[in-house]
Amino acid sequence: MFKYLENQLPKLVMAPTAIAMFVCMYGFIAWTVGLSFTKSRMMPQWDFVGLMQYEKLFANPRWMVALDNLWIFTFLFIVISLFIGLMLAIFLDRNVRAEGALRTIYLYPMAISFVVTGTAWKWILNPGLGIEKLVRDLGFTDFEFRWLVDQDMAIYTIVIAAVWQSSGFVMAMFLAGLRGIDDNLIKAAQIDGASTTRTYWHIILPMMKPVFFGAIVVLSHIAIKSFDLVQALTGGGPGYASDLPANFMYTFAFNRAQMGVGAASAVIMLCGVLAILVPYLYSELRSDKQ
Amino acid sequence: MKFKLSVLAAATAMAISPVSQASEVEVLHWWTSGGEAASVQFLKEKLNNEGVGWSDFAVAGGGGESAMTVLKSRAISGNPPTAAQIKGPSIQEWGDLGFLADINDVATNAGWDDLLPGVVSDVMKHEGKYVAAPVNVHRVNWLWANPEVFSKAGATIPTTWDDFMVQAQKLKDAGFVALAHGGQAWQDATVFEAVVLGVGGADYYQKAFVEGDMDALNSATTVEVFETFGQLRQFIDANSPGRDWNVATSMVINGEAGMQIMGDWAKGEFKVAGKNSGTDYVCVAAPGTSGSFTFNVDSFAFFSQSDAGKADAQKAMADAILSVEFQEVFNLNKGSIPARLGMDRAAFDSCAHDSMDAFVASSQTGGLVPSFAHGMAVSEAVSGAIYDTATNYFNSSDSAEEGAKQLVAAIAAAQ
């Protein structure tokens, strides 16, 4: 009897968490998917209307802008963060002086919430307060830097702020990866007469593949979930030019009394996350078996 | 048997206990800033004097968006507050869902049908019965101007949109910001609304933006409206995106900008800055809208209560809201005019007098229209669609034809 209990104990202990996970995560996901097929407006109403909300969603120019922005933002955010993070890591790995202090400086933005980052950059990029005014005060009176208030460029200000916040974190991931590489390999390459660039390009970077993969998964999550940064930096504006899907979903589900459309947009976002997550999990699970 | 008795006793006690603390109202609102909070305090004291307790349920956030989210979750969980700040067509939506309480007997006793103008009482009724009480009437189509700036620039305060472009150019040439504006969707929509009314007139406004009539929306007037609206882009400054409305008002106050188009709540900002109407600032109807009045009525809707005590407290509150004292105190603080007709107007200032006259006059000529920018005219879905198009157009360089086309498509999709 005692033996039996002992065997079951781990399962018993895990059960509450598992139940909470199932109800609060998967239960609500199912609920949202269900809602997206109903004609719910202000409150959930279970009158099923098929794909009507999805048709409405994709007929909405604001949603199309939000989707376009998501591609632009995700692509630039990941590529630039990876590049800057990798460069910083490589430079720090070359035994620079005061490495500890520099590392802390680059990592610091990570400790700040996106709301603070957004507000600070809002001031920095505001033509009447920030960079434009500063440069003009220095004597260059024709200088213009108005991305924040330009409908076509506003999304790039969000990329700037997000990259500023996250590249330190990417640096830390790469730095950990670089430290894990056996010195003998590099020495062997040097003995063979390979230049530093060649060593990095052909030996070190290929060995960092898992780090690249991990960083991309983490960064793309941040990108798809981005809500607070947009809200604080541009408020989705000018107009709705810098809306991301999460902002769209919040506005429609909670402010506009169009819960069905909101739910449909949430389901599309979920599909986006799954598209990244499923291949990742698949490769992870497969490598575990080996 | 003994056990059953005790259960019965407990059940009775539970049924009775709410009655002892019954005469209390729980009120959800978002009036948390200076003058507004003082008005709410007044209502609270008035009810306390009548033996009705007040439990404040304030959720901050200017437009009440977070308050609405809280309200929805409370209502769904079967525990709605006694009353909540809800207005316009939303009252009908809540009524359709069966959440609202019938307070018709209070209204009949106090003769609300005679006290309130027809357009206001219609909004307060669901299926012919009163379910909400109005606290004020805001006029949205105001133009606030700084006369000093105008005289420095040699300009005159415009009364038509054509004249507006001429005068605004003068202000701009003299180095002022002609139109103080905050680039937030609702502010874009507020200006858009004034243009619609000024260019299209009240009939067009009513057909296109209240009834959603496709023929009116597809007419050449819509393109004309977008043309005028688009011309305004050049008269605002580059820093406007994201600016709050009161910051824009302070630009007019301190002589940085010449004009602002904003509802009468802007008056509070001038008052706080110690400015006098007529000399330091001027309030006139937005260009081309002097005979019209876009109204924005704040109101409290009442939620069905399961116990009788709470329902009684609710009725006392409804009665107090329409009282002469509350209507006066509240509206003096808020800058609006009383929803109740025929009140003594000595305490109000000249802008409020103008507003009251225009309210009565326009109700006879058909110039009295609900504000779509402030959720009075159409459902949240349609007003959201108008917001999106207006703000997108105003911030882009799209042509008037494109703007009109987008508007028609967006309204059609949201209906």
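In the predicted model, buried residues account for 51% of the 415 residues of chain B. Chain B comprises 19 helices and 12 strands, and its radius of gyration is 23 Å, close to the 22 Å that the globule rule gives for 415 residues, so that chain B is as compact as a globular protein of that length. Along the principal axes, the C-alpha atoms of chain B fill a box of roughly 90 × 45 × 40 Å. Of the contacts in chain B with a separation of 6 or more, 78% are accounted for by residues 24 or more positions apart.

The interior was examined next. In soluble globular proteins, nonpolar side chains tend to be buried together. The largest nonpolar core of the model has 129 residues, and those with the most contacts inside this core are Trp144(B), Ala301(B) and Phe302(B). The element that gives the most to this core is helix 10 of chain B, spanning residues 185-210, with 14 residues. At least three residues of the core are drawn from each of two domains of chain B, namely domain 1 (23-138 + 296-351) and domain 2 (142-294 + 364-414). When residues up to four places away in sequence are not counted, Phe302(B) touches Thr82(B), Ala83(B), Leu100(B), Ala101(B), Ile103(B), Val131(B), Ala132(B), Gln314(B) and Ala318(B). A second, separate core, of 59 residues, includes Leu35(A), Leu86(A), Met208(A) and Phe252(A).

An α-helix has 3.6 residues a turn, so residues three or four places apart point the same way. Helix 16 of chain B is followed by Gly335(B), whose phi is positive, near 90°.

The contact between the two chains takes 23 residues from chain B and 25 residues from chain A. On the side of chain B that touches chain A, the elements that give two or more residues are helix 3 (65-76), helix 18 (380-394) and helix 19 (400-414) of chain B. Helix 18 of chain B gives the most to this side, with seven residues. By class, the side of chain B that touches chain A consists of seven nonpolar, 11 polar and five charged residues.

How values were computed. Residues numbered from 1 in each chain as written. Chains lettered and ligands numbered in written order. Predicted model: local features only at pLDDT ≥ 70, side-chain atom pairs only at ≥ 80, totals over all residues. Helix = DSSP H or I, 4+ residues; strand = E, 2+ residues; numbered from the N terminus. Rg over C-alpha atoms; globule rule 2.2 N^0.38 Å. Buried ≥ 20, exposed ≤ 12 C-beta atoms within 10 Å, placed from the backbone. Contact = placed C-beta atoms within 7 Å. Nonpolar A, V, L, I, M, F, W, Y, C, P; charged D, E, K, R; others polar. Core = buried A, V, L, I, M, F, W, Y, C linked by C-beta atoms within 7 Å. Domains from an automatic or database assignment.
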